[in-house]
Amino acid sequence: MPVRGSQARRAEIVRLARSSGLASVDELSTEFGVTASTIRRDLGQLTEQGLIARTYGGAIALGRQPESSFRQRALEGYEAKRAIARWAAEQVQPGETILLDAGTTVGAMGEFLCDITGLTVVTAGLKALEELADADDVRVECIGGTLRHLSQGFVGPLAEATLGRLTFDRAFLGADAVNAELGICEAELEQTRLKELMIERADTVYVLAHAAKLGQRPFHAWAPIPPGTTLVTDESASDEAVKLFRSAGLNTVRVP
């Protein structure tokens with residue numbers, strides 16, 4: 001580990017915290033090539049600074065970025081998200097019934113769906129509803145439920161009950177992050193439960209995630225992604241990242 005000096009080491013610990021989650025003192029000691037007591041001093045100082053949080057049993061719960069708002073996420077990777085949304089919309093055929101998850105990238109699809117004839121769009125997101133509000137030729141249905149203000153999407157028992165009465169030709173899912181081993185990552189379990197139901201009810205499933213979300217683990221709630229799902233990302237995704245998802249049985253598209 002080419003990290004020298006206590007300040008650089010502590011900065012690297014915080015960086016790892018935001019992407020890797022839990023770690024033990026022994027793991028960090030090995031990672032940085034220093035003693036366990038040195039790591040404990042580092043953790044003590046980082047805890048005092050509010051950058052990490054300690055847990056019981058010698059493990060540490062590394063501090064994470066708080067969940068960002070929908071408006072904040074809309075500005076992240078804007079051009080990549082728009083390109084992904086356009087490509088995804090091009091897969092939709094006239095007369096289909098499709099499901100749009102909440103999320104900035106999925107919501108952006110609405111702009112490109114307005115002129116598809118005979119289309120029915122069922123959505124859990126306010127962004128898609130806004131984009132399709134004036135699309136007179138598109139039938140729009142909302143699954144309802146409890147609104148999560150941060151994600152601008154509906155979740156909960158009412159949303160789940162609605163999904164249980166519907167099926168879809170295609171489902172387009174968003175994600176806070178996507179991991180080849182663990183699946184779709186979200187801030188709360190009710191979000192991942194809803195995504196599992198969405199996957200079950202659709203003939204064809206797409207997960208839309210720009211490259212910065214690949215391989216990340218910002219939260220602890222996960223929805224497994226079944227083989228055959230199509231992951232749609234942008235052209236900046238690395239060959240290594242794409243290879244991991246393809247090895248997990250996912251179809252992977254990098255949109256220019």
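Predicted model: local features only at pLDDT ≥ 70, side-chain atom pairs only at ≥ 80, totals over all residues.

User: How many salt bridges does a search of the whole structure find?

Analyst: For a pair to count, a side-chain nitrogen of Lys or Arg has to sit within 4 Å of a carboxyl oxygen of Asp or Glu. Searching the whole structure on that basis, the total comes to 10.

User: Which residue forms a salt bridge with R82?

Analyst: Look at helix α5 (residues 78-90) for R82, then go to helix α7 (residues 110-113), 29 residues apart from it. The closest N and O atoms of the pair are 2.8 Å apart, and the partner is E111.

User: Is E96 buried or exposed?

Analyst: E96 pairs up with R170, with 2.8 Å between the closest N and O atoms. E96 is in the loop between α5 and β4 while R170 is in strand β9, so their bridge ties together parts 74 residues apart in sequence. The cut-off for buried is under 20% relative accessible area. R170 falls in that class, and E96 is also buried.

User: What's the relative accessible area of D239?

Analyst: D239 is in helix α11 and meets R254 of strand β15, so the bridge joins parts 15 residues apart in sequence. R254 is partly exposed at 30%. Exposed means over 50%, and D239 counts as exposed because its value is 57%.

How values were computed:
Residues numbered from 1 in each chain as written. Heavy atoms only, no water. Helix = DSSP H or I, 4+ residues; strand = E, 2+ residues; numbered from the N terminus. Buried < 20%, exposed > 50% of the residue type's maximum accessible area, 1.4 Å probe, protein only.
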